[in-house]
Amino acid sequence: MSVDIDTRVPDLVPAGVAPTGPPRRSLVSRLVGRLGSTAVNVVVAVLGVFWLAPVVGLAVASLRTTADNSSTGWWTVLTEPSRLTLDNYAALMRNESVLHSLWNTVLITVPSTVLVVVLGALAAYALAWIEFPGRDWLFVLIVALIVVPVQVAIIPDAKLFGSLGVYGSIAAVIAFHVAFGLPFAIFLLRNFFLAIPKDLLEAARMDGGRDFTIFRRVVLPIGWPAIASLAIFQFLWVWNDLLVALVFATSDNAPITYTLREQMRAFSSNVDVIGPGAFLSMVVPLVVFFAFQRYFVQGVLAGSVK
Amino acid sequence: MAEVALAEIGKRYADGTRAVENLSLQIADGEFLVLVGPSGCGKSTALRMIAGLEDISEGTLRIGDRVVNRVPARDRDVAMVFQSYALYPHLDVYDNIGFGLRLRGMRDKEIAPRVNAVADTLGLTEHLRRRPASLSGGQRQRVAMGRAMVREPAVYLMDEPLSNLDAKLRVQMRAEIGRITRRTGVTTVYVTHDQTEAMTLGDRVAVMRKGLLQQVAAPQELYDNPVNMFVAGFIGSPPMNLVEGVFTDDGGVLRLALGERNLRVDDALLHTKPGLRAYLGRRVVVGVRAEDLRDAALDRADEDTVLTAEAELTEALGSDLYVHFSLPVPAVVSEDTRELARDAGAEPQHERADRTAVVARFSPRSTARAGDRISVAVDTARLHVFDADTGRSIH
């Protein structure tokens, strides 16, 4: 009987020697690879600059005097950064109409977002997890509503709001936004909720939960990424809306988009008001986006089943 | 703690399919009952009807002294362990276990000692603040158990709780479940497709097939006296060997013709199975457990009870030597054997093969190896006999 003992010693490499990587590729293929990734980076960078230029321009213009803005382009700031001033923002803070409409935007956007998320999530839960006759047809109908363009509803809705006596009010604008936000919200959330393992809901049912408890304690926390995404979309859409505001809001109840447009129409050279106003109206959605964006990529379900 | 009584329970779906038919079971207080059967046999549906997750189409379900057909799951005082564990991913172990108590309006002060006690029993104390995602499979399984235990329910329902674990852990958790249920004394209904789990855990085992209950009995009884070919083939590992044969009365001596062999059968068989007299001279299915086939080379055996064959494959397990061979007898093909083959993952036999595969469990001292000519002694007193048409046991 013989015993085989493995006496081979793995090849040792002296410290400080670069490890040899995977088999070397040919010079050409490496060049092409390097060029390819460089090209992609260049394209991405160019696109980024294109996208950012107007925003940066707006930000800079909002920090320059009217005289400067009318005589030279914003990019001259690169050579003369000392000419920037916060005067425009100070003036804006004293501008009743812009501040008022900025506040109106908040008054319109926050309820429009909250209502769509809350109603949408409740409806989505029911459509996903509660059995009732006609459920699937109802869902099909709601999905069909997604494709109805806003424009076809404007005149009938204006008449409806008129006869209800709410035309021109903030409530009318909110109602319109909610009505048009809901179908997509329900569609998105229902599909997301359906992807939650059925066992989880059944476990909660066995643990003593009624539908609303299960919704609040299980489905909402797990569905948080989808809800956050939806909230961002809805928030941005309503915040940036001009069309609905133009039709349904009187100037007293108008949001910032409406007022900025008025300013532009009346005094097109009025950069000292439009600039900071527009920039402020952009900052809020950006803050919202960056605050919630991490939920887009979060895998909350990991480890729950199996 | 309560007894569970199913009386003629049935489940019909809207499209007319019947998942469970006429299921009657009386589960005693504190009993561990295992529902076992191949996939699609209705065992999970039956469990879900007891849980209240599935409507009961027919029959009456009692838990304790209440009829609970229309009582929602949360009010049935039952707890369930899911195959997937179904842990809440957004809650840590502590909150997962305490979730049910919290939903029932219990205060934190009352919840804490109960959760801690359960965590202690299950060895989860140091993991209480971890989320399910960072737990191992075995730990998740324990949390799922803890969630059921903490509620101190009248009945535990377990739906294949071990099937997501690897083999070693499964054995360990199986023992743990047995210990916990025995200690708490809570009535348990346990669903599995694994007959080893069924045999080791159950006080009684209910075998189901295609929505119909086949047999309920204690594990040993089920093994020793299966009521039909299906139960015979399903319970036991390796499964019972089934071969066609004919019994004859040869001048007061009972004989069994297996292909060209004619074995002398122990008279005891006629005493334990008097019904066999009616089948003399008729084709029947003979069942032989692997352990009732011994190596005739090791002990002296009556020449008249020995089969000879060529060993095709031997598996030495240390404690036993499994010897596979085949007999020149047409294979038994029936609805039962097809279903059993499907369950074992084998191709169902459509045509009648002219040889029947047989497994024998030899002593490890046997020197039989693949290719050897072997002599197999049949313990004829322990044969099982089934009606070839109905598959029912003859006794």
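Student: How many residues does the contact take from chain A and from chain B, and what makes two residues a contact?
Tutor: Two residues are in contact if their C-beta atoms, placed from the backbone, lie within 7 Å. By that criterion the contact takes 21 residues from chain A and 24 residues from chain B. The model is a predicted one, in which local features need pLDDT of at least 70 and side-chain atom pairs count only at pLDDT 80 or more, while totals for chains, interfaces and linings use all residues. Residues are numbered from 1 along each chain as its sequence is written, and chains are lettered from A and ligands numbered from 1 in the order in which they are written.

Student: Which elements give two or more residues to the side of chain A that touches chain B?
Tutor: They are helix H8 (198–206) and helix H9 (211–222) of chain A. Helices (H or I, at least four residues) and strands (E, at least two) are DSSP runs, numbered from the N terminus. H8(A) supplies the largest share, 6 residues.

Student: How is the side of chain A that touches chain B divided by class?
Tutor: It has 11 nonpolar, 5 polar and 5 charged residues. Here Ala, Val, Leu, Ile, Met, Phe, Trp, Tyr, Cys and Pro count as nonpolar, Asp, Glu, Lys and Arg as charged, and the others, Gly among them, as polar.

Student: What makes H8(A) mostly covered?
Tutor: A residue is buried if 20 or more other C-beta atoms lie within 10 Å of its own, exposed if 12 or fewer, and partly exposed in between, with C-beta atoms placed from the backbone. In H8(A), 8 of its 9 residues are buried, including A:Leu200, A:Leu201 and A:Met206.

Student: Against what do the buried residues of H8(A) pack?
Tutor: In chain A they pack against helix H4 (96–129) and H9, and in chain B against helix H1 (43–51) and strand E6 (78–81). H8(A) is followed by A:Gly208, whose phi is positive, near 110°.

Student: What domains does chain A have, and how far apart are their centres?
Tutor: The bounds come from an automatic or database domain assignment, which gives domain 1 (29–88) and domain 2 (95–297). Their centres, taken over C-alpha atoms, are separated by 32 Å. The contact between them takes 8 residues from domain 1 of chain A and 7 residues from domain 2 of chain A.

Student: What is the mean confidence of chain A, and where does the pLDDT stay under 50?
Tutor: pLDDT is the predictor's confidence in each residue, from 0 to 100. Chain A averages 83, and 87% of the residues score at least 70. Over residues 1–21 of chain A the pLDDT stays under 50, and the model has 1 contact beyond four places in sequence for them. Residues 299–306 of chain A are also below 50, but this stretch has 28 contacts beyond near neighbours in sequence.

Student: In chain B, which strands form the open sheet, and why do some of them stand at the edges?
Tutor: The order is E6-E7-E8-E3-E9-E10 (chain B), with mixed pairing. Two strands pair if DSSP finds at least two bridges between them. E6 and strand E10 (212–217) of chain B each have a single partner strand, so one side of each is left without a neighbour in the sheet.

Student: How do you know in which sense E7(B) and E8(B) pair, and over how many bridges?
Tutor: Strand E7 (residues 155–159) and strand E8 (residues 187–192) of chain B pair in the parallel sense over 5 bridges, which meets the requirement of at least two. The bridge partner of B:Met158 is B:Tyr190 in E8(B).

Student: Why is strand E9 of chain B described as largely enclosed?
Tutor: Of the 6 residues of strand E9 (residues 204–209) of chain B, 5 are buried, so the strand is largely enclosed by the rest of the structure. Strand E3 (residues 32–36) of chain B pairs with E9(B) in the parallel sense over 4 bridges, and B:Val34 stands opposite B:Val205.

Student: What do E9(B) and E10(B) form, and how many residues lie between them?
Tutor: They form a hairpin with 2 residues between them, and B:Lys210 in the turn has a positive phi of about 50°. The two strands run antiparallel and are joined by 5 bridges; B:Arg209 stands opposite B:Leu212 in E10(B).
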